[in-house]
Amino acid sequence: MKAAVLTKKKVMEIKELPIPAPLENEVIINVKACGICGTDQHIYHGQPGSAPVEYPIVLGHELSGEIVRLGEKVTKFKLGDRVSIDPNIYCGECEYCRKNRQHLCENLQAIGVTRDGGMGEFCAVPYSNCYIIPDGISFEEGAMIEPLGCVLHGFSQIKIWPGASVLIVGGGYIGLMMLQMAKIYGAFPIVVSEPDKTKHQLAIQLGGDQVITPEELSQNPIGFDIVIECVGRKESMEQAVKMAKKGGNILLFGVSKPDMKIEISPFDIFSKELTIKGSFINPHTHEQAISLVQQGKIQIKPLLSHHFRLEDLPTIMNDYRKMNVKKGIIRYSEKVFN
């Protein structure tokens, strides 16, 4: 099979690899679509953060495909099933797994991070990490279920109610999914802060009540009940804390560099009685995410700005941060599995 292999920091090569054989509790999927995530970029540039990586590795943890081989103990699925993959594999034995906080697992493994993932034509996956894609959901949408699941977990971390004023900092792929989720909850108004004005119209189309630049936001510090930061930069995180009104809830969702520090006022946290929360991955939210897409509550297709070929990944990964990509996804040519 053909795969894009990260052999070391910032070095990715297209290689021919053997199609993996499934363990007894695994399936082999013929990958049909794979997203390029910010985490993939962090790993590519040697900034893995909470995801230690050993080279060589096939990246890609946002993926969907068709099952083409079953392990000996797999009875829940059949050949030809269309599936979306939850990449996170928990040990089930550590302190956090035993306290039903599996996403904080001390031995967390992840497809496309600690083991080969979707930037190859075939991928081995534990069957328990597979979820059937309904007929009305495309493979591309199926690959995007994982980041939507992360957004759902983020929303579980904050208190939101109909009529709550919401500021979303960042109008990229994640920010626009956050916007749609806030709309489902009945928040009003929903304001998006985004410096790139080419993204403003889509935010309005997807339900935003107002879209402004960070500079305009700083000039009108009205305050919000809920602030969701989706960028991961020092200035945007600091601005997110400043824009929360008294009693406000702040979700720092954007992934920062591990060594980044921000400056906030403890007195503001005290006097405004602020709640600041983080959110990590997507514990058991895959079925909920699939349901939202199936119902048409969350639109995925308008957010997919770029489509790439597997063969072009070494160049794409190197240039990705310069390409103004909202969301990039890899399409695969049809393969016959023997």
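## Gly254 and its surroundings

In this predicted model, Gly254 is in contact with Glu229, Cys230, Val231, Gly232 and Met237, when its neighbours within four places in sequence are left aside. Gly254 itself belongs to the loop between strand S14 (244-252) and helix H9 (266-271). The relative accessible area of Gly254 is 12%, and because buried means under 20%, Gly254 counts as buried.

Which residues of helix H10 are buried? Within this helix, which covers residues 286-294, the buried positions are His286, Ala289, Ile290, Leu292 and Val293. Seen down the axis of H10, these buried residues fall within an arc of 160°, and so they line one face of the helix.

The buried residues of H10 pack against several elements, namely strand S5 (82-85), strand S9 (130-132), helix H3 (139-143), helix H4 (145-156) and helix H5 (173-184). H10 is followed by Gly296, a residue whose phi is positive, near 80°.

Two packed helices are described by the angle between their axes and the distance between the axes. For H4 and H10, the packing angle is about 105° and the axes are 8 Å apart. Since angles of 65 to 115 degrees count as roughly perpendicular, H4 and H10 are therefore roughly perpendicular to each other. On the H4 side, the residues that take part are Ile145, Glu146, Leu148, Gly149 and Leu152, and they meet His286, Gln288, Ala289, Ile290, Leu292 and Val293 in H10. Sorted by class, this contact of H4 with H10 has seven nonpolar, three polar and one charged residues.

How do H4 and H5 lie towards each other, parallel or oblique? Their axes come within 10 Å and cross at roughly 55°, and H4 and H5 are therefore oblique to each other. The crossing in which H4 passes H5 is right-handed. H4 contributes Pro147, Leu148, Val151, Leu152 and Phe155 to the contact, while H5 contributes Tyr173, Ile174, Met177, Met178, Met181 and Ala182. By class, the contact of H4 with H5 has eleven nonpolar residues, with no polar and no charged ones.

## Cis peptide bonds and positive phi values

Some features of the backbone are found in loops. The peptide bond from Tyr55 to Pro56 is cis, with omega near -5°, and Pro56 is found in the loop between helix H1 (38-44) and strand S4 (62-70). Another cis peptide bond runs from Phe188 to Pro189, with omega near -10°, and Pro189 has its place in the loop between H5 and strand S11 (190-193).

The loop between strand S15 (275-278) and H10 holds Ile281, which has a positive phi of about 50° although it is not a glycine. His284 also has its place in the loop between S15 and H10, and its phi is near 55°, a positive value in a residue other than glycine. As for accessibility, Ile281 counts as buried at 16%, whereas His284, at 47%, counts as partly exposed.

Gln239 lies in helix H8, which spans residues 234-242, and at 12% relative accessibility Gln239 counts as buried. Not counting residues up to four places away in sequence, Gln239 touches Ser193, Pro214, Leu217 and Ser218.

Ile212 is part of strand S12, made up of residues 210-212, and it too counts as buried, at 12% relative accessibility. Which residues does Ile212 touch, not counting those up to four places away in sequence? They are Val191, Val192, Ser193, Glu194, His200 and Leu217. Of these, Glu194 is 18 residues from Ile212 in sequence and 6.2 Å from it in space, C-alpha to C-alpha.

Conventions. Residues are numbered from 1 along each chain as its sequence is written. This is a predicted model: local features need pLDDT of at least 70, side-chain atom pairs count only at pLDDT 80 or more; totals for chains, interfaces and linings use all residues. Side-chain values use heavy atoms; hydrogens and water are left out. Helices (H or I, at least four residues) and strands (E, at least two) are DSSP runs, numbered from the N terminus. Buried means under 20% relative accessible area, exposed over 50%, partly exposed in between (1.4 Å probe, protein chains only). Contact means heavy atoms within 4.5 Å. The arc is that of the directions from the helix axis to the C-beta atoms. Axes are lines fitted to C-alpha atoms, for helices over the stretch in contact, and angles run from 0 to 180 degrees between N-to-C directions. Angles under 35 degrees count as roughly parallel, over 145 as roughly antiparallel, 65 to 115 as roughly perpendicular and the rest as oblique. Ala, Val, Leu, Ile, Met, Phe, Trp, Tyr, Cys and Pro count as nonpolar, Asp, Glu, Lys and Arg as charged, and the others, Gly among them, as polar. A crossing is left-handed if the near helix is turned anticlockwise from the far one by less than a right angle, and right-handed if clockwise.
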